[in-house]
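Please open the model in your viewer and keep the sequence panel beside it.

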Amino acid sequence: MFSFGRSRSGDGASSGRAKDDFAAARERLLTEIEYEMRETVGYTGRGHLSDRVHRAMGEVPRHEFVPEEDVQNAYVNRARGIGYGQTISQPYIVALMTELLDLEPSDRVLEIGTGCGYQAAVLSGLVAEVYSIEFVPELGTEAGERLRRLGYDNVEVRIGDGRLGWPEKAPFDGIIVTAVAEDVPQPLLDQLANGGRMMIPLGASYGAQDLVLVTKDENGEVSHKAVLPVAFVPLVKGASE
Ligand code: SAH
């Protein structure tokens, strides 16, 4: 069995208490997320999280996904740095994007921008299969190891340019892009199943951005709906351009 570092169940007498402390912090965070859901209902049309998404957010130990020195801030409702100029997304945004995907337990989801793997872990509890692509090799490798160590066995991480998607595993019921693009990359649109939903921030790299819900109906007709102004790191153009 592959295992190292901090284990899910803790590794010493003090970890039981630490786990309880984090459980309380997670509850507080969920209260804040639900508050923000209510505050933004005018934009998003969703005033609260579904039970499934609420539960999934409550189960993921976010402190395992932040750098060691930032563990005490792991349950603050903010994006945080994870090195390589990248971030772990704000928990409210993770919750909102997950919520708007309307995922079913049998679904297969593609994520672009694994980062530390937090969003992938949240998705893991909600669907059958998660495929996640990360551009920075060090981050992707670390996230893959972390997810395996924590027991997220239905998540597969690959290093590469997410703008190309993962054609071998397509079509996907849901696609979530966690970095901003100017337009929806065509391969991602092609790899979205009929009846599928995609969440993607669109706009300028360091300017105005909107979180956009892209839906493909049963006939393959695509529509876009801007949901909320957001701030994401750029989806880099790799070898595909
Ligand atoms: N999903 C993460 C947030 C990641 S931040 C979370 O759960 O917190 C966005 C990530 O997208 C960064 O790690 C960045 O390296 C990655 N990224 C940027 N451009 C990419 C591309 N073209 N393909 C794949 N990943 C990309």
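Helices here are DSSP runs of H or I with at least four residues, strands are runs of E with at least two, and both are numbered from the N terminus.

Before going further, note that this is a predicted model, in which local features need pLDDT of at least 70 and side-chain atom pairs count only at pLDDT 80 or more, whereas totals for chains, interfaces and linings use all residues. Residues are numbered from 1 along each chain as its sequence is written, and side-chain values use heavy atoms, with hydrogens and water left out.

**Helix 6**

Now select helix 6 itself, which has 13 residues and reaches 18 Å from its first C-alpha to its last, close to the expected 18 Å (the expected span is 1.5 Å times one less than the number of residues). Colour L139, G140, A143, R146, L147 and R149, which are buried; buried means under 20% relative accessible area, exposed over 50%, and partly exposed in between, with a 1.4 Å probe and protein chains only. The cover over these buried residues includes strand 1 (80–83), strand 2 (86–88), helix 5, strand 4 (129–134) and strand 5 (155–159).

**The nonpolar cores**

Next, display the side chains of I33, M57, F65, Y118, Y152 and L228, which have the most contacts inside the largest nonpolar core, a set of 52 residues. A nonpolar core is a set of buried Ala, Val, Leu, Ile, Met, Phe, Trp, Tyr and Cys residues joined through side-chain atoms within 4.5 Å. Elements that give two or more residues to this core include helix 1 (15–39), helix 3 (51–59), strand 8 (209–216) and strand 9 (222–229), while helix 4 gives the most, with seven residues. In soluble globular proteins, nonpolar side chains tend to be buried together.

Centre the view on I33, which, leaving aside neighbours within four places in sequence, is in contact (heavy atoms within 4.5 Å) with L49, M57, N77, P91, Y92 and A95. A second, separate core of 21 residues can then be picked out through I175, L192, V212 and V214, which are among its members.

Select helix 4, which is mostly covered, ten of its ten residues being buried; among them are P91, Y92 and A95.

In the loop between strand 2 and helix 4, select Q90, which counts as buried because its relative accessible area is 17%. The side chain of Q90 reaches the backbone oxygen of N77 at 3.2 Å, and Q90 also touches E36, R62, R78 and A79, not counting residues up to four places away in sequence.

Just after helix 4, turn to D102, in the loop between helix 4 and strand 3 (108–112). D102 has a positive phi of about 50 degrees although it is not a glycine, and with a relative accessible area of 35% D102 is partly exposed.

**Further backbone features**

Most residues other than glycine have a negative phi, and most peptide bonds are trans. Select Y84, in the loop between strand 1 and strand 2, which has a positive phi of about 55 degrees although it is not a glycine; Y84 is partly exposed, at 47% relative accessible area. Then move to the peptide bond from A170 to P171, which is cis, with omega near 0 degrees, P171 lying in the loop between strand 5 and strand 6.

In the loop between strand 6 (172–177) and helix 7 (186–190), select D183, which is exposed, with a relative accessible area of 55%. The C-alpha atoms of D183 and G203 are separated by 7.6 Å, although these residues are 20 apart along the chain.

**The ligand**

Finally, select the ligand and the 25 residues that surround it, of which the closest are G113, Q119, E134, G162 and V236; a residue is included if one of its heavy atoms lies within 4 Å of the ligand. A backbone N or O atom of S89 lies 2.9 Å from a ligand oxygen atom, a backbone N or O atom of Q119 lies 2.8 Å from an oxygen atom of the ligand, and a polar backbone atom of V236 is 2.8 Å from a ligand nitrogen atom. Polar contacts are pairs of N or O atoms within 3.5 Å; within protein, one must be able to donate a hydrogen and the other to accept it, and residues adjacent in sequence count only if both atoms are side-chain atoms. Taken alone the ligand exposes 580 Å², of which the protein buries 99%, with accessible areas from the Shrake-Rupley method and a 1.4 Å probe; for residues, only the protein chains shown count as cover.
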